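Subject: Structure for your review

Dear colleague,

I am passing on the structure below, followed by some notes on what was found in it. Please read the two side by side.

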Amino acid sequence: RCILQTQDLLEMRDSIQQIADAVAAAMSVDVTVADSALVRVAGTGPFSDSLHTRVPRGSVFQKALTSGETVLVDNPRDIEACVSCEGRVDCRETFQICTPIKLGGLCIGVLAIVAFTTEQRDRLMERHSSYVSFLERMAELIASKAAEAALIRNIEARTSELEAVIDSIQQGVICVDRNCRIRHMNARASRLLELPPG
């Protein structure tokens, strides 16, 4: 099983930024993504200036992350969900949908679309159910990319372990692929064949 580490979304920030840019272009709103520690890893518009900073404590992001459910805020600052937000006083948002990014039953981050104008807010409210559905699909896409990255990292770790075992064997060992091309040989084999190790 692939274990996702806290820094995985941060390490994938380029891929996540591409998804955020695509969502922002498709929906004509701003987008931001935070990891499980609520640190922004991607963002468009005003969020692009606050990457690697923490989302305010008590925010809707935190509620989406802890509940594992999509949270829609149609009246920021004035609803109960925003009362405990540390960023409430400086908030300029008019509408927000936060969707958890889930992998293996765990919430590994939050994807959010945010409106800053009344026009954006009205458009999002009018079709909010379709936007929620689209946002949840994009969160699934990010989760699948995170799973893929974790799988690749695990395969690379296992390969390194196997190579270390092979290199410690006293006999000459040569690993070949199905086309009989040498993929790895230990030091003993390279000395016997007078080839560089690798």
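A residue is called buried when its relative accessible area is under 20%, exposed when it is over 50%, and partly exposed in between, using a 1.4 Å probe and protein chains only. Please keep in mind that this is a predicted model, in which local features need pLDDT of at least 70 and side-chain atom pairs count only at pLDDT 80 or more, whereas totals for chains, interfaces and linings use all residues. Residues are numbered from 1 along each chain as its sequence is written, and side-chain values use heavy atoms, with hydrogens and water left out.

Salt bridges

The structure holds five salt bridges, a salt bridge being a side-chain nitrogen of Lys or Arg within 4 Å of a carboxyl oxygen of Asp or Glu. One of them links Arg-137 to Glu-140, with 3.3 Å between the closest N and O atoms; Arg-137 is partly exposed at 44% relative accessible area, and Glu-140 is also partly exposed, at 47%. These two residues stand three apart in helix α6, which places them about one helical turn from each other; helices (H or I, at least four residues) and strands (E, at least two) are DSSP runs, numbered from the N terminus.

Asp-177, which is buried with a relative accessible area of 18%, forms a salt bridge with Arg-181 at 3.1 Å between the closest N and O atoms, and its side chain meets that of Arg-183 in another, at 3.0 Å from N to O. Through these shared partners, Asp-177, Arg-181 and Arg-183 are joined into one network. Arg-181 is partly exposed at 45%, while Arg-183 is exposed at 53%.

Sheet and helices

Five strands make up an open, antiparallel sheet in the order β2-β1-β5-β4-β3, where two strands pair if DSSP finds at least two bridges between them. The edge strands, β2 (40–43) and β3 (71–73), each pair on one side only. Strand β1 (residues 30–35) pairs with β2 over three bridges, and Ala-34 has Arg-40 in β2 as its bridge partner.

In helix α3 (residues 60–67), the residues Val-60, Phe-61, Ala-64 and Leu-65 are buried. They lie on the same side of α3, because they cover an arc of only 140° around the axis, the arc being that of the directions from the helix axis to the C-beta atoms. Just after α3, Gly-68 takes a positive phi of about 75°.
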